[in-house]
Amino acid sequence: QVQLVESGGGLVQAGGSLRLSCAVSGPTFSTRTMGWFRQAPGKEREFVAAISWSDGMTYYADSVKGRFTISRDNAKNTVYLQMNSLKPEDTAVYYCASASRTFTYDNTWLPRAPVYKRWGQGTQVTISS
């Protein structure tokens, strides 16, 4: 089974940066899309960004567009989320997830968490004001 392990979370001041990593292990031949989600206390899990495993095409939630960058290193089987200009409202547990669907022709499914079949354990990101 595919396993996902996040790292890189922490406490930073508003305006700062963090880079999250998601190490992917196991049989990745069915992995087509990798996504990042986040969940703040008392809120639903929220889509952040996604990347195509094969060609690197990306997609972002409006709330992070221009501040966050998702990337992948296929040789290392790792997906990254570079987060800049962080705000207190970015505070959440961040999860990476994998899906067997592509979004080349249809990206409407990307924010739907149930479509992603494998999830990491999450990493806490806290932004102080």
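Begin by selecting F37, F47, Y59, Y95, W109, Y116 and W119, which ring pairs link into a cluster; rings of Phe, Tyr and Trp (its six-membered ring) pair if their centres lie within 6.5 Å, and planes under 30 degrees apart count as stacked, over 60 as edge-to-face and the rest as tilted. The model is a predicted one, in which local features need pLDDT of at least 70 and side-chain atom pairs count only at pLDDT 80 or more, while totals for chains, interfaces and linings use all residues. Residues are numbered from 1 along each chain as its sequence is written, and side-chain values use heavy atoms, with hydrogens and water left out.

**The aromatic pairs**

The structure holds seven aromatic pairs. Select F37 and Y116: their ring centres are 5.0 Å apart and their planes stand at 80 degrees, so this pair is edge-to-face. The two residues come from distant parts of the chain, 79 residues apart, with F37 in strand β4 (residues 33–39) and Y116 in the loop between β9 (92–99) and β10 (118–119); strands here are DSSP runs (E, at least two residues), numbered from the N terminus. Both F37 and Y116 are buried, a term that means under 20% relative accessible area, with exposed over 50% and partly exposed in between (1.4 Å probe, protein chains only).

F47 belongs to strand β5 (residues 46–52) and Y59 to strand β6 (residues 58–60), so the pair ties together parts that are twelve residues apart in sequence. F47 is buried, at a relative accessible area of 6%, whereas Y59 is partly exposed, at 28%.

β9 pairs with β4 in the antiparallel sense over seven bridges, where two strands pair if DSSP finds at least two bridges between them. In β9, Y95 is the bridge partner of F37. Three bridges join β9 to strand β11 (residues 123–128), and these strands run antiparallel, with A92 opposite V125 in β11. Two bridges join β9 to β10, again running antiparallel, and here A97 stands opposite W119.

A search of the whole structure finds one disulfide, defined as a pair of cysteine sulfur atoms within 2.5 Å. Select C22 and C96, which this disulfide joins with S to S at 2.0 Å. The torsion about their S-S bond is about 55 degrees, so the disulfide is right-handed. C22 lies in strand β3 (residues 18–25) and C96 in strand β9, 74 residues apart, and both cysteines are buried.

**The open sheet**

Follow β3 to finish the tour: four strands form an open sheet in the order β1-β3-β8-β7, with antiparallel pairing. β1 (3–7) and β7 (68–73) stand at the edges, each with a single partner strand, so one side of each is left without a neighbour in the sheet. β1 and β3 pair in the antiparallel sense over five bridges, and Q3 stands opposite S25 in β3.
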